[in-house]
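Thanks for coming, everyone. I'll keep this short. Have a look at the model on the screen first.

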Amino acid sequence: MRKSIGFLFFAILLAHSGIAEDGYRLWLRYDLITDAQQLALYRQSLQHYIIEGQSPTLEVVEHELKKALQGLLGTSITESTDLASKGLLILGTPSSSTIVKGLKLEDKLKTIGKEGFVITSQGGRTVIAANEDIGVLYGLFHFLRLLQSHTAIDGLSITNKPKLNIRILNHWDNLDRTVERGYAGFSIWDWHKLPDYLDARYLDYARANASIGINGTVLTNVNANALILRPDYLDKVAALADLFRPYGIRVYLTARFSAPINLGGLKTADPLDPAVKDWWKTKIDEIYEKIPDFGGFLVKANSEGQPGPQNYNRSHADGANMLADALKPHDGIVMWRAFVYDDKEPVDRAMQANNEFEPLDGTFRDNVLIQVKNGPIDFQPREPFHPLFGAMPKTPLMMEFQITQEYLGQATHLVYLGPMFEEVLKADTYAKGKGATVAKVIEGKLDNHQYSGMAGVANIGNDRNWTGHIFGQANWYVYGRLAWDTELSSAAIAEEWIRMTFSNDPDVIKPIKEMMLSSRETLVKYMTPLGLHHIMGAGHHYGPGPWVSRMSRADWTSVYYHKADSLGIGFDRTASGSNALGQYSPEVASFYSDLSTCPEAYLLWFHHLKWTYKMASGETLWEKLCHSYYEGAKEAKAFRQTWQKLEKAIDADRFRQVDMLLKIQEKEAKWWRDACVLYFQSFSKMPIPSGLEKPTESLEYFTNLSYPYAPGIRPRW
Ligand code: GCW
């Protein structure tokens, strides 16, 4: 006890001494490079810089370059006009810099579009060039990543451009500063003090996003509040848009479909009503008066009670197209969410989005993207890819990933999401034969769409470390890096992040990387093994709740999904059940419906099997289920042991933060294990396999736990 108080005092002292390592600096720490040899080489190569031309973005480039090199090299790189200068770094575009123009990089530049960059280094001269200033900024951050990772910078020849043109964060932030499914404090948007008070954090937010290529942000919750469209709020939004513009970040808002009623006083929000069309057109023109490069709207309509066109017997296309027509003259887009389901429908919830949207393929305007969650239910620890990917060839579909860990341990569990994102992106839809991966669908390559995109539901709040858990930063980071390049490996990205955030020491990188790369499977094992899903606590989704059976709608319960009974467990989505598999390509459907090919990780997502079903290992399904839960809890416990071995290598403040959270994760993994094993045992009536410690609490104890104030719950308005 005394030790922990001493530590706390030390941490507070550090915080006040201004050298607090509280995680605020994210991956942009720029601490002095510790490898003396590497440092000497970098200092030699980076003594002078030339940036010709003037623009807000080039000012950002110059500021970031000087800040980074002052920190990393401990020397200040000086501006030069002399091409013969030693250790010269040249940054610019052919239109802003005669020097860059003179370098004759056209053959490379013509391949990289507006946001790409070229980096070359030869004989002590390095060039970071692009077609537009923002490409120079993206190139600089890429270059700085090399320095932060102690990578050699001589002989570089890099040509790089993003695979998606919309790379965006979705903030489920409310105007009262609560964050729906947010676990990192309150919203960073201080609406009450905007537009005149500009928190320094806004610029650090822009820097962090630009450093990973994110070029858009939706500031408000998809359970939208029309008030954001009121003129005084639009002035607040414009102030943020002005700050973000030099960093290449466009601002978008969520549009509450009933805003013509809530804000405009109209009697209807029918998208075909002329007065409604007119209201939106006027509103949108007003927005562009204040924010000339406003990105457009994200819309959640006729989903979970949100208003939408179906309230007026109109289709999703009628609603989306009305908004798209008003945005089109301004080069704005509509991102219309396909997260729709309704318990009045007897059909399997996993099938309802395809049933509603497939018939609309080809009926949306070309500036409408349909935003589709990675899986057909709801951001579960593991889901098969959403069957809409590959099923709407005439419509640009964009990915919606959840960075905030609503169903993956919220902000107290270390779970690196990169492997999950990668698993989805690499999944083969067989939409046009083999190789039609989800990544290719969202890149628009299969069907030549102009727009392509990815959205990530942000895990950002006003906690000092931005994401509640230091390792939550890695999920923001990996999301951005995969949105820039869907083919990157989540393992390589994890190593990048570790080097920039913690250390370039191989003895530190290795254990942290192994822990990160295994963490998602570990969580799946202690929460929802073998394809189980949606068995969390009701409402707040905190902790286990496989027993949840009484909710306002069946598809919000847990029993709807696991369907455990005395014979077995699982959801039959084959032809003999809901036939959700029928919505996938035949190759995919047969792969999952055939028990000899269906991966055990998806077994209970697609099949209802007897407790005595023989697994590949020879165990019964019941034994495998128990072993999975116990392995997961054991692995979570081992995370803390791994971390504690690193105490000498990590600064005390961040070490303590993570150590305390790993202690919570260890306890909560055991909680999930014991509650779920005891609950499912009440059906199987089979013994917990020998050698496994028995739960110390009863099932009744677990079912009586309640957490009315668990964080992130949606506001009751
Ligand atoms: O996962 C569910 C969340 C809701 C969220 C909804 C959605 C914003 O529990 O909080 O609402 O998804 O994606 O719209």
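**Loops and helix contacts**

Leu530 counts as buried, because its relative accessibility is 8%. Buried here means under 20% relative accessible area, exposed means over 50%, and partly exposed is in between, with a 1.4 Å probe and protein chains only. Before I go on, a caution: this is a predicted model, where local features need pLDDT of at least 70, side-chain atom pairs count only at pLDDT 80 or more, and totals for chains, interfaces and linings use all residues. Residues are numbered from 1 along each chain as its sequence is written, and side-chain values use heavy atoms, with hydrogens and water left out.

Back to Leu530. It sits in the loop between α17 (506–527) and α18 (559–562). Helices (H or I, at least four residues) and strands (E, at least two) are DSSP runs, numbered from the N terminus. The phi of Leu530 is positive, near 60 degrees, and this residue is not a glycine. His541 lies in the loop between α17 and α18 too. Its phi is also positive, about 65 degrees, and it is not a glycine either. Is His541 buried or exposed? At 13% relative accessibility, His541 counts as buried.

Next, a cis peptide. Which residues does it join? Leu194 and Pro195, with omega at about 5 degrees. Pro195 is in the loop between β7 (166–170) and α7.

That takes us to α7 itself. Helix α7 (residues 200–211) and helix α8 (residues 231–244) have axes that come within 9 Å and cross at roughly 50 degrees. Axes are lines fitted to C-alpha atoms, for helices over the stretch in contact, and angles run from 0 to 180 degrees between N-to-C directions. So α7 and α8 are oblique to each other. On the cut-offs: under 35 degrees is roughly parallel, over 145 roughly antiparallel, 65 to 115 roughly perpendicular, and the rest oblique.

Who touches whom? From α7, Tyr202, Leu203, Tyr205 and Ala206 meet Leu240, Leu243 and Phe244 of α8. Contact means heavy atoms within 4.5 Å. By class, this contact of α7 with α8 has seven nonpolar residues, no polar and no charged. Ala, Val, Leu, Ile, Met, Phe, Trp, Tyr, Cys and Pro count as nonpolar, Asp, Glu, Lys and Arg as charged, and the others, Gly among them, as polar.

Now the other helix pair. The axes of α3 and α6 come within 9 Å and cross at roughly 10 degrees. α3 and α6 are therefore roughly parallel to each other. Their contact includes Leu58, Val61, Leu65 and Leu69 of α3, and Ile134, Leu137, Phe141 and Leu144 of α6. The contact of α3 with α6 has 14 nonpolar, two polar and two charged residues by class.

Gln38, Leu39 and Tyr42 of α2 are buried. They span an arc of only 100 degrees around the axis, so they are on the same side of α2. That arc is taken from the directions from the helix axis to the C-beta atoms. What do the buried residues of α2 pack against? They pack against α3 (56–73) and α6 (133–148). Ala36, Gln37 and Gln44, on the other side of α2, are exposed.

Last stop, Val347. Val347 is in the loop between β11 (333–337) and α12 (352–357). With 26% relative accessibility, Val347 counts as partly exposed. Leaving aside neighbours within four places in sequence, Val347 is in contact with Gln352, Asn355 and Tyr560. Val347 and Ala580 are 233 residues apart in sequence, yet 9.2 Å apart in space, C-alpha to C-alpha.
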